[in-house]
Amino acid sequence: MVEVWLEFPELIKFIIQYTGRYQYNSQSKIIIEPKASGISIAQTLRSQTNLNVIESKNPTVDKVTRV
């Protein structure tokens, strides 16, 4: 798992490079939170790559409760 803060084009490039660096295979998953640019990132990765992109479920409770 990694958390980065990048602009959209740089983030797409980073994800593709990251998967190449760390032995991504057919069993691997990229889980993206479907908030803000997450939906567009998932759509872009699905259309431009063969990566296994999964959108996580939206939380049903607030952050304090989840912690």
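Biologist: In which strand does Glu-55 lie?

Modeller: Glu-55 lies in strand S2. Helices (H or I, at least four residues) and strands (E, at least two) are DSSP runs, numbered from the N terminus. This is a predicted model, in which local features need pLDDT of at least 70, side-chain atom pairs count only at pLDDT 80 or more, and totals for chains, interfaces and linings use all residues. Residues are numbered from 1 along each chain as its sequence is written, and side-chain values use heavy atoms, with hydrogens and water left out.

Biologist: What does Glu-55 touch, not counting residues up to four places away in sequence?

Modeller: With those residues set aside, Glu-55 touches Ile-32, Pro-34, Ile-39, Ala-42 and Arg-46. Contact means heavy atoms within 4.5 Å. Glu-55 counts as partly exposed because its relative accessibility is 31%. Buried means under 20% relative accessible area, exposed over 50%, and partly exposed in between (1.4 Å probe, protein chains only).

Biologist: Stepping back, how many helices and strands are there in the chain?

Modeller: The chain has 3 helices and 2 strands. Along the sequence they follow the pattern α-β-α-β-α. The C-alpha trace spans about 35 × 25 × 20 Å along its principal axes. Of the 67 residues in the chain, 25% are buried.

Biologist: And the helices, at what angle do H1 and H2 pack?

Modeller: Helix H1 (residues 8-21) and helix H2 (residues 38-48) pack at about 50°, and their axes are 11 Å apart. That angle makes H1 oblique to H2. Axes are lines fitted to C-alpha atoms, for helices over the stretch in contact, and angles run from 0 to 180 degrees between N-to-C directions. Angles under 35 degrees count as roughly parallel, over 145 as roughly antiparallel, 65 to 115 as roughly perpendicular and the rest as oblique.

Biologist: Which residues in H1 and H2 meet?

Modeller: From H1, Phe-8, Leu-11, Ile-12, Ile-15 and Ile-16 meet Ser-40, Ile-41, Thr-44, Leu-45 and Gln-48 in H2. By class, this contact has 7 nonpolar, 3 polar and no charged residues. Ala, Val, Leu, Ile, Met, Phe, Trp, Tyr, Cys and Pro count as nonpolar, Asp, Glu, Lys and Arg as charged, and the others, Gly among them, as polar.

Biologist: Is Thr-44 buried or exposed?

Modeller: Thr-44 counts as buried, because its relative accessibility is 17%. Thr-44 lies in helix H2. Leaving aside neighbours within four places in sequence, Thr-44 is in contact with Phe-8 and Ile-12.

Biologist: Now the core. Which residues make up the largest nonpolar core?

Modeller: That core has 11 residues in all: Leu-11, Ile-12, Phe-14, Ile-15, Ile-30, Ile-32, Ile-41, Ala-42, Leu-45, Leu-51 and Val-53. The elements that give two or more residues to this core are H1, strand S1 (30-32) and H2. H1 gives the most, with 4 residues. A nonpolar core is a set of buried Ala, Val, Leu, Ile, Met, Phe, Trp, Tyr and Cys residues joined through side-chain atoms within 4.5 Å.

Biologist: Take one of them. What does Ile-15 touch, not counting residues up to four places away in sequence?

Modeller: On that count, Ile-15 touches Ile-30, Ile-41, Leu-45 and Leu-51. Ile-15 is found in helix H1 and is buried, with a relative accessible area of 12%. Ile-30, with neighbours within four places left aside, is in contact with Ile-15, Thr-19, Tyr-24, Leu-51, Asn-52, Val-53 and Ile-54.

Biologist: On to the loops. Where is Gln-23?

Modeller: Gln-23 is in the loop between H1 and S1. Gln-23 is exposed, with a relative accessible area of 70%. Its phi is positive, about 55°, although Gln-23 is not a glycine. Most residues other than glycine have a negative phi.

Biologist: What about Ala-36, what is its phi near?

Modeller: The phi of Ala-36 is near 50°, a positive value in a residue other than glycine. Ala-36 is found in the loop between S1 and H2. Ala-36 is exposed, with a relative accessible area of 80%.

Biologist: Last one: where does Lys-57 lie?

Modeller: Lys-57 lies in the loop between strand S2 (53-55) and helix H3 (63-66). Lys-57 is exposed, with a relative accessible area of 78%. Lys-57 and Pro-34 are 23 residues apart along the chain, and their C-alpha atoms are separated by 7.6 Å.
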